[in-house]
Amino acid sequence: DFEREADQEAIAVLRANGVRPSQMVVLFERLAAWRQRQGGADLTDLPIAVADHPADAERTRVFRDADSAR
């Protein structure tokens, strides 16, 4: 839940700086591509700083939806 709160703060910071929140989807896509190259590794194979984040699909939806929500 702390990571979800952090994502909401990230959305606020992005908006405050004139950046659409959906731009974060690029990061999630790059993480997915990295996992593919690693043979399907999941987030638990990444450093602790990102291993406890919500699933990419959830985060992608939240950041995409944030473009239209205010």
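**Figure 1. R59 and the residues it touches in this predicted model.** R59 is part of helix α4; helices here are DSSP runs of H or I with at least four residues, strands are runs of E with at least two, and both are numbered from the N terminus. Setting aside neighbours within four places in sequence, R59 is in contact with D7, F28, H53 and P54, where contact means heavy atoms within 4.5 Å. R59 is buried, with a relative accessible area of 9%. For these views, buried stands for under 20% relative accessible area, exposed for over 50%, and partly exposed for what lies in between, using a 1.4 Å probe and protein chains only. Because the model is predicted, local features need pLDDT of at least 70 and side-chain atom pairs count only at pLDDT 80 or more, while totals for chains, interfaces and linings use all residues. Residues are numbered from 1 along each chain as its sequence is written, and side-chain values use heavy atoms, with hydrogens and water left out.

**Figure 2. F28 and its partners.** Which residues is F28 in contact with, leaving aside its neighbours within four places in sequence? They are D56, R59, T60 and F63. Take D56 to begin with: D56 sits in helix α4 and is buried, with a relative accessible area of 13%. Along the chain, D56 and F28 are 28 residues apart, yet 6.0 Å separates their C-alpha atoms. T60 is also found in helix α4, and T60 is buried, with a relative accessible area of 14%. Not counting residues up to four places away in sequence, T60 touches V25 and F28.

**Figure 3. Helix α2 against helix α4.** Here α2 (residues 25-37) packs with α4 at an angle of about 160°, and their axes are 9 Å apart. Axes are lines fitted to C-alpha atoms, for helices over the stretch in contact, and angles run from 0 to 180 degrees between N-to-C directions. This makes α2 roughly antiparallel to α4; angles over 145 degrees count as roughly antiparallel, under 35 as roughly parallel, 65 to 115 as roughly perpendicular, and the rest as oblique. The α2 and α4 crossing is left-handed, a word used if the near helix is turned anticlockwise from the far one by less than a right angle, with right-handed used if clockwise. From α2, the contact is made by V25, F28, E29, L31, A32 and R35, and from α4 by D56, R59, T60, F63 and R64. Sorted by class, the residues of this contact are 5 nonpolar, 1 polar and 5 charged. Ala, Val, Leu, Ile, Met, Phe, Trp, Tyr, Cys and Pro count as nonpolar, Asp, Glu, Lys and Arg as charged, and the others, Gly among them, as polar.

**Figure 4. Helix α1 against helix α4.** The angle between α1 and α4 is about 30°, and their axes are 11 Å apart. This crossing of α1 and α4 is right-handed. R4, D7, Q8, A10, I11, L14 and R15 of α1 make the contact with E58, R59, V62, F63 and A66 of α4. The contact of α1 with α4 holds 6 nonpolar, 1 polar and 5 charged residues. While you are looking at α1, find A6, which has its place in that helix. Is A6 buried or partly exposed? A6 is partly exposed, with a relative accessible area of 38%. A6 and H53 are 47 residues apart in sequence, and their C-alpha atoms are 9.7 Å apart in space.

**Figure 5. The largest nonpolar core.** I11, L14, F28, V62, F63 and A66 are the 6 residues of the largest nonpolar core. Such a core is a set of buried Ala, Val, Leu, Ile, Met, Phe, Trp, Tyr and Cys residues joined through side-chain atoms within 4.5 Å. At least two residues of this core come from each of α1 (2-16) and α4 (56-66). Its largest share, 3 residues, is supplied by α4.

**Figure 6. The chain around these close-ups.** The chain has 4 helices and 0 strands, in the pattern α-α-α-α along the sequence. Of the 70 residues in the chain, 29% are buried. Among contacts between residues at least 6 apart in sequence, 65% join residues at least 24 apart.
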